Amino acid sequence: MNLADGHIGSAEGVILIYVCLAAKLFLQYPAFLITAGGTAGWQVALVMTVAALILFLPAVALAQRFPGQGLSEISRQVAGPFVGTALILLICLWVLGAITLTLRSITENFIIAMLPHTPPSVLTAAMILCMIYASYCGFESMARTTRILFPVMIVGLLVVLLFNLPRVEAGRLFPFWGNGIPTVAVSGLSYVGMAAEAVVLLLLGASFRTSSVLRTSGMLGILLFGLTAIAMTALLIGVFGAPDAAQQPFPVFTLARLVYVGRFLQRTEALLVMFWFFAAAVHLSVLFHATAVGLAGSLCLPFYRPLIFPLAVLVASLVLLPEDYMVVVRTDRDWMRPLGIGILLIPFLLLVVAAIRRRGGTADAS
Amino acid sequence: MQWRQWLRQILDPSASFQEQTFTLGDRGQQPAAEEQGPFRLKDAEARTQRVLTHIDSILEAVPLGEAAMKKAGDLTPDLDENRRRLEALFRMPENKDLIIRELQVATQPPTRAVVCFMEGLSDKTIINRDILQPLMLLAHLDHHLDGQRESGPTQFTVDVIIQRLLPGHQVSEKHSLKEVAEALLMGDTVLLFEGQRTAITVETKEPPVRSISEPKSEQSIQGPHDSFVEAFRMNVAMIRRRLKDPRVVTEILTVGQVSSTFVALMYIDGIVNPKLVAEVKQRVDGIKVDTLNDVGVLAQFIEDAPASLMPGSLTTERPDRAAAYLAEGHVALIVDNSPYALIFPITFWSLLQTSEDYYLRFPFGTFLRFSRLAALLTSLLVPAFYIALVNYHQEMLPTELMLFVAASREAVPMPAILELVIMEVTFELIREAGTRIPNVLGSAISLVASLILGQAAVEARIVSPLLIVVVAITGLASFALPNFLDSFAIRMLRFVLLIAAALLGFYGLAAGLFILILYLSSMRSMGVPYLAPLAPRMRGAADTILQPPAYTMEFRPRHVRPMDERRQKPITRPWDPRSRAAEEEPDRGGRP
């Protein structure tokens with residue numbers, strides 16, 4: 001299949017990027033925010049959202065300067081064949097790392113939640129199968145699938161949020177500034193890498209109908225993700241209190257276990273986790289597809305499909321490397337997310353170089 | 001000598017076996033192709049003769065001009081030769097279907113002629129009354145176009161015959177044996193005359209058809225009760241009766257080298273997207289096959305994904321439904337001898353709709369659609385959900401129910417998945433048997449079989465009682481799906497999800513569903529995304545799961561890209577004060 005196959009509209013783009021980013025909230029990330037901010041964990045999410053929106057602006061400007069092109073083509077045009085390719089390889093490597101750690105986290109989550117006696121390799125293999133097929137079908141099909149499954153995912157989220165509202169004690173949200181304004185601000189900026197996956201939009205830039213569609217998708221997607229992160233973090237603090245919430249490996253799952261619909265249906269967490277599976281599958285599939293397309297673009301291949309299977313084997317090998325879940329959490333918190341800031345800065349760097357070297361947009365036209 | 005043969009059979013069984021057993025070629029007989037040699041030679045000879053005759057007639061026509069050259073064919077002026085060739089072409093005298101009647105046309109002097117038609121395909125009353133009688137009894141009355149009788153021999157021409165002697169409503173000239181054969185096979189009557197290179201065909205078609213009856217698989221309480229029949233012309237007429245618009249076009253295509261089946265391509269010019277018509281025509285024209293018997297076969301040749309479980313076209317036996325789709329900008333294909341129309345393009349949601357939805361008030365229509373969606377989910381997911389629940393996620397059940405399930409399953413030695421597969425397969429067998437058994441017995445036997453088998457299976461401790469409930473609900477839900485092919489696909493996909501759930505519980509079920517929806521998202525029907533207009537979302541999305549009121553559906557669905565998007569005026573209830581208020585809104589009329 002061609003690298004630029006399919007066209008995504010604004011609504012599909014927003015939903016896709018929102019689901020892609022918000023899927024991580026079912027994992028350990030809310031605990032990171034609460035650890036950093038204490039009772040002001042939701043403020044860390046707020047700072048992170050604003051910073052991510054600002055950092056994404058250069059990516060939008062870059063997409064508008066090079067309409068209808070993916071980041072691979074843009075990078076080679078702006079930074080030359082060697083540096084440009086190296087930058088894309090760097091991004092692909094980071095995305096591959098993010099896929100690996102997220103997949104392992106999801107596997108651990110599902111083992112705890114649903115299938116305690118199932119080997120991780122089996123769950124990993126099933127998810128990789130979904131990723132392979134999704135990438136094979138293409139970005140357009142992924143966006144449409146996300147659109148169809150979106151109500152189910154939202155139900156999975158809203159059930160957790162709404163059914164736990166009665167358990168919230170407002171007093172747990174105080175002291176209001178948590179670990180202090182400077183800590184909140186610094187933590188928020190350091191966790192901006194949580195939205196770094198948005199950069200995949202640029203890798204798949206050629207699939208968006210116009211650059212304004214890409215802009216709307218990215219900005220609205222990040223904004224909605226931020227709002228969900230704020231609500232989720234606040235709810236967790238309100239229900240568990242900051243110290244307890246920060247201790248949970250999968251805090252939202254623990255919230256889900258508290259959901260009690262009625263005597264006829266209890267312990268719904270397995271059902272809710274099934275709904276979350278869709279979000280996780282979308283998240284991983286989009287990242288996986290973006291890696292394949294990005295690599296194909298940087299290697300000047302006209303098609304990405306030949307790269308799907310080798311990449312899948314690579315992911316399957318890497319995902320079983322961490323010894324335990326704690327290694328995954330530490331690697332993600334201490335390495336991947338800080339590096340994510342750098343990944344978000346690459347479009348800014350390319351934009352500056354493009355402006356200096358007068359590449360793309362009005363410069364080319366003149 | 002009888003005893004010798006008997007002795008030989010005992011002593012040499014193989015020899016006797018060869019003599020007695022008929023085989024088609026697996027015991028070293030002479031290849032059939034070699035036996036066909038003389039017949040092929042004969043055919044080749046006939047073809048060569050026809051080519052030579054064609055060349056002769058062209059040479060004769062050259063001095064007469066271009067019009068004459070166009071009429072030059074392989075028929076000869078020799079009536080006996082033409083008759084001989086026709087008989088050879090139709091494998092006479094073995095073939096008894098072709099009737100050849102020799103006669104003298106009552107001209108002055110009389111002219112020899114033959115009348116040919118196919119037994120069973122032609123209307124004999126028309127042949128007797130409107131062909132034989134005028135030619136044999138009335139031809140002497142007046143042979144001249146100007147109406148003035150002349151003395152002396154008549155100048156006999158085909159034109160005179162057509163214009164004065166044959167009162168048939170469709171009469172045409174044929175100049176080649178191939179055209180003559182085609183006309184005969186369609187049920188027309190052919191006239192050959194001595195001294196003429198031209199044959200005359202008269203429309204006398206009367207193929208065996210059944211009368212219009214009620215739909216069998218798309219019944220409705222409200223709405224028309226007629227359904228398509230096997231005669232495609234009647235089917236086209238039934239649609240035309242509903243669309244009295246001169247822009248309705250019926251193109252006739254022919255498919256099948258042996259069957260020469262007519263395929264009617266219907267659309268409304270000015271509404272349908274011309275690209276769609278061109279694509280459908282191209283795909284139908286591309287079919288190179290010997291026979292085409294049904295729309296189901298045609299669909300396999302032209303669908304985007306013929307191997308897919310989900311249908312890429314809509315098969316309907318209701319003329320009102322076909323007409324409604326045409327009015328929306330779709331195309332319909334009607335195959336001769338098939339009581340169904342094939343609609344292109346379609347979406348997944350159209351498989352869950354019936355024409356009755358639109359005939360009911362919108363709350364009822366919406367309720368019906370929700371019921372069908374529930375039926376779809378039940379039919380697809382309930383067995384897999386049950387297996388996941390029983391095998392992996394027992395904690396979700398209330399304690400009392402869980403204890404009951406455990407107690408009912410205690411006596412059953414088999415794993416739940418095996419129980420379920422056995423019952424599902426049994427249910428499919430009952431369903432299939434119910435379809436094949438004659439109608440009078442079918443429903444009774446199905447009912448008895450399901451009741452007795454279910455009861456007996458529980459008592460024999462092969463399955464648990466709860467499982468019977470699961471299978472029954474699933475089966476009932478699958479009957480509620482309005483499209484036969486869709487129902488079939490869902491039944492098969494149910495087994496796939498069942499296996500996924502048996503392997504990994506809800507995780508496997510979710511993975512299976514994700515892959516299924518991805519697959520549906522990547523499908524297209526004649527270039528239209530299968531899940532449109534919901535994914536991608538377009539205008540017309542309201543008419544998928546919900547049933548909007550008829551007076552609000554102002555536009556044709558966007559996904560078929562019609563040339564004329566608006567199907568009704570913005571205000572369709574002008575007498576209604578609410579409509580007048582809406583009319584006064586500035587953006588009401590101009591909404592794109």
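A crossing of two helices is called right-handed if the near helix is turned clockwise from the far one by less than a right angle. Keep that in mind as we walk through this structure, which is a predicted model.

Let's start in chain A, with helix α5, which covers residues 120–137, and helix α12, which covers residues 269–298. Two packed helices are described by the angle between their axes and the distance between the axes. For α5(A) and α12(A), the angle is about 55° and the axes are 8 Å apart. The two helices are therefore oblique to each other. As for the handedness, α5(A) passes α12(A) in a right-handed crossing. Who does the touching? On the α5(A) side, the contact is made by Met127(A), Cys130(A), Met131(A), Ile132(A), Ala134(A) and Ser135(A). Facing them from α12(A) are Phe277(A), Ala280(A), Ala281(A), Leu284(A), Ser285(A), Phe288(A), His289(A) and Ala292(A). Sort the residues of this contact by class and you get 11 nonpolar, three polar and no charged.

Now stay with α5(A), and look at another partner. Helix α13 of chain A, residues 308–319, packs with α5(A) at an angle of about 155°, and the axes are 10 Å apart. Angles over 145 degrees count as roughly antiparallel, so α5(A) is roughly antiparallel to α13(A). Here, too, α5(A) makes a right-handed crossing as it passes α13(A). From α5(A), the contact uses Thr124(A), Ile128(A), Met131(A), Ile132(A), Ser135(A) and Tyr136(A). From α13(A) come Ile308(A), Ala312(A), Val315(A), Ala316(A) and Val319(A). By class, that makes nine nonpolar residues, two polar ones and no charged ones.

Next, let's hop over to chain B for another helix pair. Helix α17 (residues 416–436) and helix α20 (residues 484–522) pack at an angle of about 175°, with their axes 11 Å apart. With that angle, α17(B) and α20(B) are therefore roughly antiparallel to each other.

How many cavities of 30 Å³ or more does the structure hold? There are three, and the largest cavity has a volume of about 110 Å³. Its lining includes Tyr18(A), Phe26(A), Phe150(A), Leu157(A), Thr228(A) and Ala279(A). Helices α1 (10–22) and α6 (139–163) of chain A each supply at least two of the lining residues, and α6(A) gives the most, with four. The lining divides into 11 nonpolar residues, one polar and no charged.

The second largest pocket holds about 1,200 Å³ of space. It is lined by 30 residues, and those nearest its centre are Leu185(B), Met186(B), Ser259(B), Ser260(B) and Phe262(B). In chain B, α9 (177–186), α10 (232–242), β6 (248–255) and β7 (261–268) each supply at least two residues of this lining. Helix α9(B) gives the most, with five residues. By class, the lining has 14 nonpolar, 10 polar and six charged residues.

Most residues other than glycine have a negative phi, and most peptide bonds are trans. Which peptide bonds here are cis? One runs from Phe174(A) to Pro175(A), with omega near 10°, and Pro175(A) lies in the loop between α6 and α7 of chain A. Another runs from Ala535(B) to Pro536(B), with omega near 5°. You'll find Pro536(B) in the loop between β12 (528–529) and α21 (542–545) of chain B. As for phi, Cys300(A) has a positive value, near 60°, and this residue is not a glycine.

Definitions and conventions. Residues numbered from 1 in each chain as written. Chains lettered and ligands numbered in written order. Predicted model: local features only at pLDDT ≥ 70, side-chain atom pairs only at ≥ 80, totals over all residues. Heavy atoms only, no water. Axes fitted to C-alpha atoms, helices over the stretch in contact; angles between N-to-C directions. Parallel < 35°, antiparallel > 145°, perpendicular 65-115°, else oblique. Contact = heavy atoms within 4.5 Å. Nonpolar A, V, L, I, M, F, W, Y, C, P; charged D, E, K, R; others polar. 1 Å grid on protein atoms, 1.4 Å probe; cavity = no way out; pocket = protein on both sides within 12 Å on 5 of 7 lines; lining within 4 Å. Points joined across faces, edges and corners; volume = space filled by probe spheres on them.
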